[in-house]
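Please look at the structure before reading on.

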Amino acid sequence: MEKKLRIMVIDDENIVGKRLKPALEKDGDTVETFEEPNKALERFGEAPFDIVVTDIRMDGIDGLEVLEQVLARSAKTKVIIITGYATVEVAREALAKGAFDFIAKPFKPGDLRAVIEKAAREIRA
Amino acid sequence: MEREQLRENMRTRKEVAVGDFMPFPYPEKGEPVENIALFERPSISIRTRLVMAFALSFAMCAAITIWSIYIAALVQEKIVFLETSGNYRIEIQQARRFEKNFLLYETNLPEAMEHLRNAEQILMENGETIGNILGASALAIMKAHAREYHSLLTELGRKRDPLERQDIEPKLREHGSQMISLALEFEREERESVRKMLSQARKIPFLFLAVLVVLMVFIAFFIKTQILGGLARFKKYTERIGRGNFTPIVPKRKYRDEFSMLAAAFNRMIQELDRRHNILVESHKLRAVGTLVAGVAHELNNPLNNTMLTATMLEEDFSTLDDKEKLSMVNDIIAETERSQKIVRNLLDFARESEMEIRPLQIEKILDDTIRLVVNQAKMAKVKIEKEFQGPLPPVHGDAQMLHQVFVNLILNAVDALPPHGTVRVSTFKTKEDGYVVVEVRDNGPGIPEHILPRIFDPFFTTKANGKGTGLGLSVSRGMVRKLGGYVLAESKAGEGTVFSVFLPATVVPSKYSSG
């Protein structure tokens with residue numbers, strides 16, 4: 001049995017966390033969901049996560065800042081960016097800043113699972 | 001169907017009316033309705049009026065000229081007659097001189113008789129004229145004296161006896177002196193009348209001058225009111241149209257003239273300008289819609305994603321979920337679909353072309369709708385929009401679509417001007433006296449440089465990079481606010497930000513609100 005992954009999901013849309021939590025937990029990973037990036041970063045300070053899935057456009061702190069702070073604390077964490085309005089510029093910026101990958105809204109839980117699996121393989125490699 | 005019929009009727013009636021009132025400069029078919037009033041007045045063209053004024057001047061000058069010719073002819077006649085009356089007096093005087101010679105030396109009686117006959121001849125020939133001047137009775141007296149004198153003189157010639165002659169002598173002297181005094185009076189009268197006429201003739205140039213002055217003043221006044229006044233009026237119209245006021249020109253004078261034709265042409269131009277302006281406004285709105293679509297598409301992805309996630313999970317776990325969870329998920333799907341609908345409807349409402357409809361509007365509602373439209377744009381630019389509504393405010397007089405467009409333009413401008421984490425504050429209040437509701441759109445951006453500020457409302461003026469702005473937003477916004485009877489002010493301080501204040505006329509007397 002592979003080691004369980006700790007996954008953090010940040011999106012100010014309540015439903016995103018509500019649906020992704022059971023979807024991602026099916027693989028046996030631990031999933032924590034947050035609507036406010038502040039609280040998520042606070043929690044990350046307490047205990048680092050292997051994978052962070054964050055929306056890019058949020059009030060207060062946006063996804064790119066979350067990306068920077070997460071990587072500053074834990075370089076081996078894979079950050080997956082969710083974008084509502086996928087533009088090449090945003091994607092390029094996210095990747096340049098060290099994001100693992102990005103996924104555009106709307107997506108199916110399966111799409112995210114595939115990206116997470118890819119990230120998990122890198123973590124375990 | 002009925003309505004169609006009614007409209008048809010109205011149109012034909014209008015055409016009949018137009019035809020009735022326009023016998024001469026008939027405008028082209030399809031003349032704008034606004035011009036009818038201009039043609040409803042009776043026509044007296046400026047050309048006709050000028051021709052009339054000059055004809056009148058000519059008539060007056062001609063009358064005075066004819067009168068002066070008449071007076072000159074009269075004077076000439078009098079002078080000729082004066083000569084005649086002088087001759088008459090001389091003849092009488094000669095006759096009397098020879099009469100005295102006869103009485104003293106008994107000579108020259110035939111000469112006296114001859115001179116007397118000459119005098120009588122003059123009286124006979126000019127009897128009518130003399131009668132006119134001195135009166136018929138005076139003429140009769142003159143004639144009687146002459147006759148009497150004649151007979152006395154004849155009698156004197158017959159008498160040889162000096163004693164008998166002495167009897168006749170006093171009578172003869174009496175008639176003689178009477179005749180001379182009458183002749184002198186006649187001459188004096190004539191001279192007096194000539195003097196009078198000459199003095200009258202001397203006044204003619206002054207009269208002529210007076211009439212000329214009056215005519216010149218009249219023509220100057222005519223030119224001032226009819227032509228210069230009209231030109232000044234049209235100068236004002238061009239200024240008004242330049243400021244974007246496209247209300248048609250209405251008749252100002254009782255009669256229609258060349259300026260009415262100009263006014264009709266102006267009204268056609270105004271209508272065309274208004275039509276083009278509306279196209280401009282519409283095209284600018286579509287541009288704003290284009291900008292807003294980006295934000296809306298972004299915003300729409302959230303409910304779409306929620307729906308997608310929920311529906312997929314429902315399908316995936318359909319057999320393991322209990323009914324309560326399934327119902328909750330279905331409700332989520334419904335709620336998120338409604339949310340999508342709202343987002344799209346808001347933009348569609350804004351994008352839809354609609355006729356202007358002025359009615360009382362609650363400014364807070366207009367601003368809430370507007371902010372909802374632009375909030376995605378603001379989020380993307382990481383700009384915060386704050387509201388500060390001072391209530392209760394009286395309703396404003398306006399068209400919802402137009403006001404949405406005005407505030408979308410102003411807020412998007414502010415958002416564009418701001419760096420990330422900037423703030424746009426939208427606040428409302430009312431003016432104390434003149435019954436305006438004021439909406440302020442304030443940003444804390446870099447501000448507009450002083451040398452640019454006076455030009456920001458000019459059409460096609462833009463500070464944005466090539467192709468990013470049309471330069472029409474503020475010009476169009478100001479045009480619309482003016483159309484609603486309001487005005488826009490801009491204030492800016494370098495480094496502190498910019499405030500756009502939109503003054504909109506309130507529909508109710510403000511005292512009702514300030515007291516309540």
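In what order do the strands of the open sheet of chain A lie?

## Basis

This is a predicted model, in which local features need pLDDT of at least 70 and side-chain atom pairs count only at pLDDT 80 or more, while totals for chains, interfaces and linings use all residues. Residues are numbered from 1 along each chain as its sequence is written, and chains are lettered from A and ligands numbered from 1 in the order in which they are written.

## The sheet of chain A

The order is S2-S1-S3-S4-S5, with 5 strands and parallel pairing. Strands (E, at least two residues) and helices (H or I, at least four) are DSSP runs, numbered from the N terminus; two strands pair if DSSP finds at least two bridges between them. Strand S2 (30-34) and strand S5 (101-104) of chain A are the edge strands, each pairing on one side only.

Strand S3 (residues 51-55) and strand S4 (residues 78-83) of chain A run parallel and are joined by 5 bridges. Thr54(A) stands opposite Ile81(A) in S4(A).

## Strand S5 of chain B

In strand S5 (residues 436-443) of chain B, 6 of 8 residues are buried, meaning that 20 or more other C-beta atoms, placed from the backbone, lie within 10 Å of the residue's own.

S5(B) runs antiparallel to strand S4 (residues 423-430) of chain B, with 7 bridges; here Arg425(B) has Arg442(B) as its bridge partner. S5(B) also runs antiparallel to strand S7 (residues 497-505) of chain B, with 8 bridges, and Val437(B) stands opposite Leu504(B).

How values were computed. Buried ≥ 20, exposed ≤ 12 C-beta atoms within 10 Å, placed from the backbone.
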